[in-house]
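The following exercises concern a predicted model.

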Amino acid sequence: MHRWYEQNPAGRPGIISSRIRLARNLQEYPFPAKLDDKVSTELVHRLEFGLKDIGEVEEKHFKFALLNEMEELDRVALKERRVLNSAALTKKKPSGILLSQEEDTGIVLNCDDHIRIQMLGAGLYLEELWEKADKLDDYINERFEYAFDDRFGYLTSFPTNVGTGLRASVVVHLPMLSQGRKFSSLIGDMSRFGACVRGVHGDVEENFGSLYEISNLKTLGQTEREIIDTVTKAAIQLTNQEMQVRKLSIQKRKIEREDEVYKSYGVLKYARRMTFRDSMIFLSQLMAALSDGLVKAKEDVSVYRLMLGIQPANLQKISDRPLSKEELDIARAEFIRRELPALK
Amino acid sequence: MLCERCKIREANIQYTEVVNGVKKEHHFCAQCAKEMDFGVYAAIFDGEFPIGKLLSGLLGIEDDNQGPDKLHQISCPTCGTSYDTFVRDSRFGCADCYSVFGPLMEDSIKQLQGSLHHTGKAPVYQNTEDEGEKGGKTNGKVLVKGVSEEEKELSELDSRLKEALRFEDYETAAVCRDRIRELRKGNETNA
């Protein structure tokens, strides 16, 4: 059994993963923030019981867990792997999750909304993920009546999700394009087409790893297909531009690119202490060089899996104990040394 | 272009100021912008839901212009969310909040979403009956829960009644109670 991020995304270079999220609420309950513990528990159990055959729709094995009873470290690790959002981390009231073994399909119960369906996949697969989410949505709707309004569409806790309740997003890797001077205006242009681009890691000034998430800005007034189309087009456009710059860089300064990636690889393969920031920068350079064919690995490697693996909660889970910052850096270097394949 | 305040980081926020008809453009980096005082718009620069918070900024301003007292009194009868809480959290409390606060914030939703009309998917199994009215049309298939319309309305009314009592909203509670009595009576005569 492979988790979704352990596969290397086939097809378009620069595109890491796709995600579809649908927000839904039941007609008969107020939204989660207004429910007390007793009603929250009742709702979560009703949903869990009502959706117990969910595995048959997806032909997958699902597990149920109560988020409020889960160890915090496990919750953070799920957030690092993008299964949960930060609202689900801080939620104290009873809430739950139905998660497929591959972690590509998750249904979060009673967090921001009563139901949040999430589909994840490596590569550019918004269309396929939407079809699956649509099916799952119908399956749930056969069992529970949704809060829906002819005018506003699916009603959600936040007005930013009302309508389709759909957030379609694609994570792209833009190490060269993002260094360019025109990058911020490029991102601005994207918002005019209805797509929002934000850095995945790090703070606003510096996005280490150069991973960017493109998602739809609006959820109301457009059909699901139109939303998916907008995000897909933005992802293709940005990665195409990235690839043009990269092609140019190989033509003009191949030796510099090679030097850079071999140095990065050397540090990743032999260093004894690695901060998250440095690891992300070096892994990002390796990711670009592998995709450009500047270096070749002996075994197939998903650099994105390494990027997910070097985050604090995951490293602490591997070590099976809480780690100080210093110990984390050591554990991170160890993890990378172990997982990084040799170069050809 | 570098941020004109710290002159270190790249400026990615353009701020246009119009004072007495004179337009001035400023360029800041996100960190400086966050540190500076942009009033209600400061919320744009932090948090998980920048757009959501922007909404509360927009509504907050409207609030000042439209005589706040009237709006402060509005609250949702179903879940008890007040206008103040709604503006503060940019978050609805229940499905009915949309009909309570919806008309007040149509402009903001339009600004936020660019539209006021849903055009996407609709639920396959949906009861389109209005609350409190019998004999509405059903859209597509009927719910597969095996519960009659009356029973469904009864259980809904029952939970609304409890909720209303919890928030000491006796007016709504009385309406629910009367409707429950009416329905139960109807059931008895039918049986």
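**Exercise 1. Helix 7 and helix 8 of chain A**

Determine how the axes of helix 7 and helix 8 of chain A are oriented to each other, and identify the residues that form the contact.

*Solution.* Step 1: the axes of helix 7 (residues 224-270) and helix 8 (residues 276-292) of chain A come within 9 Å, with a crossing angle of roughly 130°. Step 2: angles of 65 to 115 degrees count as roughly perpendicular and those over 145 as roughly antiparallel; the two helices are therefore oblique to each other. Step 3: the crossing of helix 7 and helix 8 of chain A is left-handed. Step 4: helix 7 of chain A contributes Arg246(A), Ile250(A), Arg257(A), Glu260(A), Val261(A), Ser264(A), Tyr265(A), Val267(A) and Leu268(A) to the contact. From helix 8 of chain A come Phe282(A), Leu283(A), Gln285(A), Leu286(A), Ala288(A), Ala289(A) and Asp292(A). Step 5: sorted by class, the residues of this contact comprise 10 nonpolar, 2 polar and 4 charged.

**Exercise 2. Helix 3 and helix 10 of chain A**

Carry out the corresponding analysis for helix 3 and helix 10 of chain A.

*Solution.* Step 1: the axes of helix 3 (residues 72-80) and helix 10 of chain A approach within 8 Å and cross at roughly 130°. Step 2: this angle makes helix 3 of chain A oblique to helix 10 of chain A. Step 3: the handedness of the crossing between helix 3 and helix 10 of chain A is left-handed. Step 4: Leu73(A), Val76(A), Ala77(A) and Glu80(A) of helix 3 of chain A meet Ala313(A), Asn314(A), Gln316(A) and Lys317(A) of helix 10 of chain A. Step 5: the contact of helix 3 with helix 10 of chain A holds 4 nonpolar, 2 polar and 2 charged residues.

**Exercise 3. Helix 11 of chain A**

What span should helix 11 of chain A have, and against which helices do its buried residues pack?

*Solution.* Step 1: helix 11 of chain A (residues 325-339) has 15 residues, and at 1.5 Å a residue it should span 21 Å. Step 2: the end C-alpha atoms of helix 11 of chain A are 21 Å apart, in agreement with that expectation. Step 3: the buried residues in helix 11 of chain A are Leu328(A), Asp329(A), Ala331(A), Arg332(A), Ala333(A) and Ile336(A). Step 4: these residues pack against helix 7, helix 8, helix 9 (303-309) and helix 10 (312-319) of chain A.

**Exercise 4. Chain B and its side facing chain A**

Describe the secondary structure of chain B and the side of chain B that touches chain A.

*Solution.* Step 1: chain B contains 8 helices and 4 strands, in the sequence order β-β-α-α-α-α-α-α-β-β-α-α. Step 2: of its 191 residues, 25% count as buried. Step 3: 42 residues of chain B contact 36 residues of chain A. Helix 1 (30-35), helix 2 (50-65), helix 6 (106-113), strand 3 (125-127) and helix 7 (149-166) of chain B each provide at least two residues of this side. Step 4: the residues of chain B on this side comprise 19 nonpolar, 17 polar and 6 charged.

Methods: Residues are numbered from 1 along each chain as its sequence is written. Chains are lettered from A and ligands numbered from 1 in the order in which they are written. This is a predicted model: local features need pLDDT of at least 70, side-chain atom pairs count only at pLDDT 80 or more; totals for chains, interfaces and linings use all residues. Axes are lines fitted to C-alpha atoms, for helices over the stretch in contact, and angles run from 0 to 180 degrees between N-to-C directions. Angles under 35 degrees count as roughly parallel, over 145 as roughly antiparallel, 65 to 115 as roughly perpendicular and the rest as oblique. A crossing is left-handed if the near helix is turned anticlockwise from the far one by less than a right angle, and right-handed if clockwise. Two residues are in contact if their C-beta atoms, placed from the backbone, lie within 7 Å. Ala, Val, Leu, Ile, Met, Phe, Trp, Tyr, Cys and Pro count as nonpolar, Asp, Glu, Lys and Arg as charged, and the others, Gly among them, as polar. The expected span of a helix is 1.5 Å times one less than its number of residues. A residue is buried if 20 or more other C-beta atoms lie within 10 Å of its own, exposed if 12 or fewer, and partly exposed in between; C-beta atoms are placed from the backbone.
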